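I opened this entry to keep track of what I looked up. Each topic gets a short note.

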Amino acid sequence: MPYLILYINITVGYSLVKIFGNKLYEKTTQYITYLTGISLILWMIMHVIGIGFFESIGFMQPASSTSVASLLIFNVPNIHIYEGKGIGPFMRNCGFAWEPGLFASFICFAIYFNLLIKKRIKRNRSFYILTLGLFSTFSTTGYSAFLLIIANYFILQNSKKSTQILYIIVGIPTFLYIMNLPFMADKIKKEDESENFLYNNNQLTSEIESEKRTMTVRRWEGIIMDYLNIQDRPILGYGTINNSYVNTHISSYLLSSNGIVSTFARFGIVLGLLINIVFIRNTNYIDKLFRQKYCMFYILYMTLSISYSFTTLALMIALCSSNLWISKSQKYIK
């Protein structure tokens, strides 16, 4: 079944590229903006009338316990998990994803392509909607990626040295302020507590096993877990999760969400390298298409992949591999 799903995702990704061509990046931004705008409206209404109402009208089963109800285009956050995790009385916005960080990641991809295509912030309504949507997620991953996007827009792609220096002087204190926001600092501090790795915590692992509940480990723990998987099967990878070293030797209830090392763990070192080479070549194609430099889309992709795995998603296959299938006769956008 996992390989069938992967085949379907590749087919859908291929179809998206053949249908939209170079317009794929614009269409992606456009529809994520629509969905973000809807999520923002529903998120604000939720704070006025309460979570209970939205939970009662949910008509789909949430994909994760991080949500208590799903309206397909909007997931209702689990108050037991996210209460007090935002700023003041505001709950984190899950949007159309099953949890806020993943929602923030898709918004960041949309913001990047929005600025890539329109090349302006002033009078850019889509940018304002996406930025407000990102703010509502209170996501460490999303905010960090947003800083990277803004630094790329104002500094790295700016040809004037004097302007670059000015933005750097303004940007450093802004960066320090954002990174010291309560929810940002607390999460970063937890990531640094390396002595509490779940796979070494026998008591916690036993509790998870006895309750038969899955748990997603922290980012750096996930990277180390996938490193163990690579050591076990370095050439061909584990393929499906039930064949991984962690699943068979540690616990089948521990999950990793990172996407940097997991690609190599699942598909092996050789195929993992080939996948990354394809992504880098496609990023170079995007740079030429939109007159950019430094392969920033790949850097953004890897930044967000610290927290989430996007490699096998249909949309990301299309965005990261379009150069393989796009018509070579299509001209670059001027």
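How many cavities of 30 Å³ or more does a search of the whole structure find? I found one. I note here that the model is predicted.

**Cavity**

I looked up the volume next. The largest cavity holds about 40 Å³ of space. I then listed its lining. Gly259, Ile260, Thr263, Phe264, Ile275, Asn276, Phe279, Tyr301, Met302 and Thr311 line this cavity. Two elements, α13 (262-289) and α14 (296-305), are those that give two or more residues to the lining. Helix α13 supplies the largest share, five residues. I also sorted the lining by class. Six residues are nonpolar and four are polar, with no charged residue.

**Helix α14**

Eight of its ten residues are buried, so α14 is largely enclosed by the rest of the structure. I wrote down the buried ones: Met296, Phe297, Tyr298, Leu300, Tyr301, Met302, Leu304 and Ser305. Of these, I had already met Tyr301 and Met302 in the cavity lining. What covers the buried residues of α14? The cover includes α5, α7 (140-156), α13 and α15 (314-325).

**Nonpolar cores**

I turned to the largest nonpolar core, which has 63 residues. Which of its residues touch the most other members? They are Ile111 and Phe297. Phe297 is also among the buried residues of α14. Helix α5 (residues 100-118) gives this core its largest share, 13 residues. With neighbours within four places in sequence left aside, Ile111 contacts Phe127, Leu130, Thr131, Leu134, Phe146 and Ile149.

**Strands β1 and β2**

I checked how two strands pair. Strand β1 (residues 67-70) and strand β2 (residues 75-77) run antiparallel, over three bridges. Ser67 has Pro77 of β2 as its bridge partner. The two strands form a hairpin, with four residues between them. In the turn, Leu72 has a positive phi of about 70°.

**Positive phi in two loops**

Lys119 is one of them, with phi of about 55°. Lys119 sits in the loop between α5 and α6 (125-135). Is Lys119 buried, exposed or partly exposed? Its relative accessible area is 42%, so I put Lys119 down as partly exposed.

Cys295 is another case, with a positive phi near 50°. Where is Cys295 found? I located Cys295 in the loop between α13 and α14. The relative accessibility of Cys295 is 23%, so this residue also counts as partly exposed. The cut-off for buried is under 20%.

**Whole chain**

I ended with the totals. The chain has 15 helices and four strands. It has 334 residues, and 47% of them count as buried. I also looked up the contacts between residues at least 6 apart in sequence. Of these, 66% join residues at least 24 apart.

Notes
Residues are numbered from 1 along each chain as its sequence is written. This is a predicted model: local features need pLDDT of at least 70, side-chain atom pairs count only at pLDDT 80 or more; totals for chains, interfaces and linings use all residues. Side-chain values use heavy atoms; hydrogens and water are left out. On a 1 Å grid over the protein atoms alone, a cavity is a set of points where a 1.4 Å probe fits but cannot get out, and a pocket is an open set with protein on both sides within 12 Å along at least five of seven lines; lining residues have an atom within 4 Å of a point. Grid points are joined across faces, edges and corners, and a volume is the space filled by probe spheres set on the points. Ala, Val, Leu, Ile, Met, Phe, Trp, Tyr, Cys and Pro count as nonpolar, Asp, Glu, Lys and Arg as charged, and the others, Gly among them, as polar. A nonpolar core is a set of buried Ala, Val, Leu, Ile, Met, Phe, Trp, Tyr and Cys residues joined through side-chain atoms within 4.5 Å. Buried means under 20% relative accessible area, exposed over 50%, partly exposed in between (1.4 Å probe, protein chains only). Contact means heavy atoms within 4.5 Å. Two strands pair if DSSP finds at least two bridges between them.
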